[in-house]
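Visitor: Please walk me through this model. Keep it brisk.

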Amino acid sequence: MNSSSSSSSSSWFSGIVRGRSGKSGNPNMNNQSITTASDRAGAGNQFRCVLFKYGPKPAQVAFRTGDFKQQVIFIGGLTDGFLATEYIEPLSVALENEKWSLVQPLLSSSYTGYGTSSLKQDSLELDQLIGYLINKENSEGVVLLGHSTGCQDIVHYMRTNAACSRAVRAAILQAPVSDREYRATLPETAAMIDLATTMISEGRAMDLMPKEANPDAPITAYRYHSLCAYMGDDDMFSSDLSDDQLRLKLGHMSNTPCQVMFSMADEYVPEYVDKKALVERLCKAMGGTEKVEIEWGNHSLSNRVEEAVQAILDFVKREGPNGWDDPWN
């Protein structure tokens with residue numbers, strides 16, 4: 001396996017980003033070529049990639065497949081890490097054939113870290129990652145691919161107008177669903193929202209909630225409220241939000257070519273929700289974003305892998321490097 005090496009020439013806006021963002025990678029962090037064996041059912045192949053650090057925190061590492069100057073960055077949902085969905089491996093192969101790299105970062109919120117993190121923190125780390133790709137890999141632009149709560153990360157990041165967000169040429173939201181509406185179906189949620197609200201009012205937003213609030217991982221009052229409360233920071237895709245509220249949350253995405261990929265049998269969307277109406281409203285709030293409805297698809301599209309890969313690939317190729325030579329104009 002060849003180790004990654006950056007070109008000696010500067011990318012078309014690395015100098016600007018170095019001056020504006022201060023998020024360039026640590027020059028002492030060396031890329032490492034590795035091969036990982038997939039443990040997914042039916043997958044006997046090996047997943048070849050380069051492992052690199054993009055920031056100073058221990059969690060800030062990423063896998064990259066392919067060695068190209070255009071990257072798709074996959075951002076997983078709650079509890080996700082590397083190889084979070086079954087379409088990742090075939091997608092990496094398909095993208096490599098089109099001369100695109102696939103980057104899978106770990107954020108501080110990956111795996112069980114989400115409960116003590118926030119969309120704000122994820123956005124800061126995503127900006128560091130893109131800055132690294134610009135300065136160290138001479139990136140010519142990225143496409144963001146979010147799965148589940150990773151969709152919230154993308155929406156929040158694009159609202160920040162961070163320096164490196166100019167390098168985002170397009171975004172794909174796969175399974176943008178409401179954590180609040182799903183959690184409302186759980187019996188303990190209402191009481192725990194009240195507790196989180198009280199803790200926040202007492203200045204204890206970053207204190208941990210009781211274990212029964214979120215058995216999977218420690219969670220702060222702030223993050224619980226963000227995920228579960230009406231109009232919390234994470235509440236972006238709920239079916240009971242008005243059109244005006246959706247535009248307030250999502251309207252800025254109209255400035256970025258975007259695709260909404262919605263699973264029509266998503267197990268995390270309550271049965272009472274009209275999925276077709278919801279995805280139509282989400283796309284309208286984003287200024288007429290392209291929609292892809294995956295019939296019978298589950299949340300992670302593990303039962304529609306080929307369809308997912310094809311839809312992503314078609315969009316990436318169509319929203320390719322047209323006009324990428326001057327993103328600052």
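Guide: This is a predicted model, where local features need pLDDT of at least 70, side-chain atom pairs count only at pLDDT 80 or more, and totals for chains, interfaces and linings use all residues. Residues are numbered from 1 along each chain as its sequence is written, and side-chain values use heavy atoms, leaving out hydrogens and water.

Visitor: At what angle do the axes of helix α2 and helix α10 cross?
Guide: Helices are DSSP runs (H or I, at least four residues), strands likewise (E, at least two), numbered from the N terminus. Axes are lines fitted to C-alpha atoms, for helices over the stretch in contact, with angles from 0 to 180 degrees between N-to-C directions. The axes of α2 (residues 88-97) and α10 (residues 305-318) come within 10 Å, and they cross at roughly 35 degrees.

Visitor: Which residues of α10 does α2 meet?
Guide: Contact means heavy atoms within 4.5 Å. From α2, Pro-90, Leu-91, Ala-94 and Leu-95 take part. Their partners in α10 are Val-305, Val-309, Ile-312, Leu-313 and Val-316.

Visitor: How many disulfides does the structure hold?
Guide: A disulfide is a pair of cysteine sulfur atoms within 2.5 Å. The sulfur of Cys-283 has its closest cysteine sulfur in Cys-258, 7.9 Å away, so that gap is too far for a bond. The structure's disulfide count is 0.

Visitor: Is Cys-283 buried or exposed?
Guide: Buried means under 20% relative accessible area, exposed over 50%, partly exposed in between (1.4 Å probe, protein chains only). Cys-283 has a relative accessible area of 4%. That makes Cys-283 buried.
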